[in-house]
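Here is a guided walk through a fold, written to be read with the structure open beside you.

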Amino acid sequence: MTPQQASQKAEYICRLAPVIPVLVVENIADAQPLARALIAGGLPALEVTLRTPAALEIIAAMAEVEGGIVGAGTLLTPQDVTNAKAAGAQFGVSPGATDILLDACEAADLPLLPGAASASEAMALYERGYHVQKFFPAEAAGGSKYLKSLASPLPQINYCPTGGVSLANANDYLSLPNVVCVGGSWVAPKALVQAGDWDGITALAKAASQLPR
Ligand code: 3PG
């Protein structure tokens, strides 16, 4: 798979729904009910961050749930890529991008949504074939106003803004011509996961999946 093909695959995944849940999951027992709750609410693409000891097992468990596409987030190293792929991740997400990480994803045939927060970072990724990128950290890096400013000089590049995005500001991003979806943790709050309130999470996912694009 060339980077262009990988990026097309990433774009397909991004276009499945307006929001990709960003998940930080501690307990393996929560993996499948959480995935089912989000998918039932209309959010099939799920990003599990590699930030908890159980993350790889959680990816493996979620990958068995019908109707979902599970990816690994917070990919930083080639070892992360190998682990994510072995766990069954179908895509990867990274907060930024390095040549070493991009090489690893390309060698492993893992479609990547690489992070970029500046015009130069976006251009470097585009040169390599990545036309869909994660704008991170979205709110802190300048928010929707900043991202809108990139659309005129860089119309070929589309984004999934992530970091500080919520139901309240998602529309500011989703209404931009260079945004394919947004990423956010608000659809799976820690308190609801800990309480096992799967209906509550489905309700949040439903509201997110109905956001206009
Ligand atoms: C992350 O990688 O933590 C994402 O950017 C999620 O950010 P959020 O918690 O602000 O949605």
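Ala116 stands opposite Phe135 in S7, and two bridges join S6 to S7 in a parallel run. Strands here are DSSP E runs of at least two residues, helices are H or I runs of at least four residues, and both are numbered from the N terminus. Strands count as paired if DSSP finds at least two bridges between them. This is a predicted model, in which local features need pLDDT of at least 70 and side-chain atom pairs count only at pLDDT 80 or more, while totals for chains, interfaces and linings use all residues. Residues are numbered from 1 along each chain as its sequence is written, and side-chain values use heavy atoms, with hydrogens and water left out.

The open sheet has three strands in the order S6-S7-S8, with parallel pairing. Its edges are S6 (115-116) and S8 (158-161), each of which pairs on one side only. S7 (residues 132-135) is joined to S8 by four bridges in the parallel sense, and Lys134 has Cys160 of S8 as its bridge partner. From S7, Val132 and Lys134 point one way and Gln133 and Phe135 the other, and all are buried; buried means under 20% relative accessible area, exposed over 50%, and partly exposed in between (1.4 Å probe, protein chains only). In a regular strand, side chains alternate between the two faces of the sheet.

## Crossovers

S6, helix H6 (residues 119-128) and S7 make up a right-handed β-α-β unit. The chain then crosses from S7 through helix H7 (residues 143-151) to S8, and this β-α-β crossover is right-handed. Right-handed means that, with the strands pointing away from the viewer, the path from the first strand over the helix to the second runs clockwise.

Follow the chain into the loop between S8 and helix H8 (170-174), and you will find Gly163. At 23% relative accessibility, Gly163 counts as partly exposed. Leaving aside neighbours within four places in sequence, Gly163 is in contact (heavy atoms within 4.5 Å) with Phe136, Pro137, Ala138, Glu139 and Gly183. Gly163 and Val182 are 19 residues apart in sequence and 9.2 Å apart in space, C-alpha to C-alpha.

## The six-stranded sheet

Another open sheet has six strands in the order S5-S4-S3-S2-S1-S9, with parallel pairing. The edge strands are S5 (112-113) and S9 (182-184), and each pairs on one side only. S1 (residues 19-23) and S2 (residues 45-49) run parallel, joined by two bridges. Val22 stands opposite Glu47 in S2.

## Helix H1

How far should the twelve residues of helix H1 span? At 1.5 Å a residue, H1 (residues 3-14) should span 16 Å, and its end C-alpha atoms are 16 Å apart, which agrees. The expected span is 1.5 Å times one less than the number of residues.

In H1, Pro3, Ala6, Ser7, Ala10, Glu11, Ile13 and Cys14 are buried. They cover an arc of only 160° around the axis, so they lie on the same side of H1; the arc is that of the directions from the helix axis to the C-beta atoms.

## Nonpolar cores

A nonpolar core is a set of buried Ala, Val, Leu, Ile, Met, Phe, Trp, Tyr and Cys residues joined through side-chain atoms within 4.5 Å. The largest has 60 residues, and those with the most contacts inside it are Leu23, Leu34, Met62, Leu75, Val182 and Trp186. Helix H2 (residues 28-40) gives the most to this core, with six residues. A second, separate core of twelve residues includes Cys14, Ala45, Leu113 and Val132.
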